[in-house]
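Good morning, and thank you for the time on today's agenda.

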Amino acid sequence: MDYITIYSTKDKNEIDVLQRVYSEEGIDHRLDDTDEIGEVKRIQVAEGDKTRARELLDQTGFLTASQAHVPVHRRMPGKKWIFIFLAAFIIIIVAMVILMFMNVE
């Protein structure tokens, strides 16, 4: 029987929940952990159960959960201006301190 990978994750809890859901629904599945390092686990289902397994992934919210491991690059507008302002402020303070010590008589 041919199996296809339907879900992969590093989280053991997600694997346990999915295996329980698929067992309760009677979906033929297996766990494939042939990763070299052993970190990524894959749930594989029989090709005949593919559509039902995807529906269950969607119903249980795992389709959006799998994207949680993808790093999100958020950009803060104006972040560089804050650093420029702080750098200029520090330079002004340092210049004032130097002038104070140089004017000592």
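This is a predicted model: local features need pLDDT of at least 70, side-chain atom pairs count only at pLDDT 80 or more; totals for chains, interfaces and linings use all residues.

Leu-56 counts as buried, because its relative accessible area is 4%, and buried here means under 20%. Leu-56 is part of helix H2. Setting aside residues up to four places away in sequence, Leu-56 touches Val-21, Tyr-22, Glu-25 and Ile-27.

The protein has four helices and three strands. Read from the N terminus, the order of the elements is β-α-β-β-α-α-α. Of the 105 residues in the protein, 20% are buried. If we take contacts between residues at least 6 apart in sequence, 63% of them join residues at least 24 apart. The protein exposes about 8,400 Å², and carbon and sulfur atoms supply 59% of that area.

I turn next to the strands. Which strands pair with E3, and in what sense? Strand E1, residues 3–9, pairs with E3 in the antiparallel sense over six bridges. Strand E2, residues 29–32, also pairs with E3 in the antiparallel sense, over four bridges. Arg-42 in E3 shows both pairings: Ser-8 stands opposite Arg-42, and Asp-32 stands opposite Arg-42 as well. Strand E3 itself, residues 41–46, is mostly covered, with five of its six residues buried.

Now to the charged side chains. How many salt bridges does a search of the whole structure find? The search finds four. In one of them, the side chains of Asp-16 and Lys-12 meet at 2.8 Å, N to O. Asp-16 and Lys-12 are separated by about one helical turn, because they are four residues apart in helix H1. Asp-16 counts as partly exposed at 33% relative accessibility, and Lys-12 counts as partly exposed at 49%.

Another salt bridge joins Arg-20 to Glu-24, with the closest N and O atoms 3.8 Å apart. This pair, too, is four residues apart in helix H1, and so about one helical turn separates Arg-20 from Glu-24. Both of these residues are exposed.

A further salt bridge brings us back to Glu-25. Arg-52 and Glu-25 form a salt bridge in which the closest N and O atoms are 3.0 Å apart. Why does this pair tie together parts that are 27 residues apart in sequence? It does so because Arg-52 lies in helix H2, whereas Glu-25 lies in helix H1. Arg-52 counts as partly exposed, at 30% relative accessibility, and Glu-25 is partly exposed as well, at 43%. Through salt bridges that share partners, Glu-25, Arg-52 and Glu-55 are joined into one network.

Finally, I come to the surface. A nonpolar patch there is formed by Ile-82, Phe-83, Phe-85, Leu-86, Phe-89, Ile-93, Val-97, Met-100 and Phe-101, which together have about 960 Å² of accessible area. Met-100, one of these residues, belongs to helix H4, residues 79–102. Is Met-100 buried or exposed? Met-100 counts as exposed, because its relative accessibility is 57% and the cut-off for exposed is over 50%.

Thank you for your attention.

Methods
Residues are numbered from 1 along each chain as its sequence is written. Side-chain values use heavy atoms; hydrogens and water are left out. Patches are made of residues with over 30% relative accessible area and no salt bridge: like charges are joined within 9 Å, nonpolar side chains (Val, Leu, Ile, Met, Phe, Trp, Tyr) within 5 Å. Accessible areas come from the Shrake-Rupley method with a 1.4 Å probe; for residues, only the protein chains shown count as cover. Helices (H or I, at least four residues) and strands (E, at least two) are DSSP runs, numbered from the N terminus. Buried means under 20% relative accessible area, exposed over 50%, partly exposed in between (1.4 Å probe, protein chains only). Two strands pair if DSSP finds at least two bridges between them. Contact means heavy atoms within 4.5 Å.
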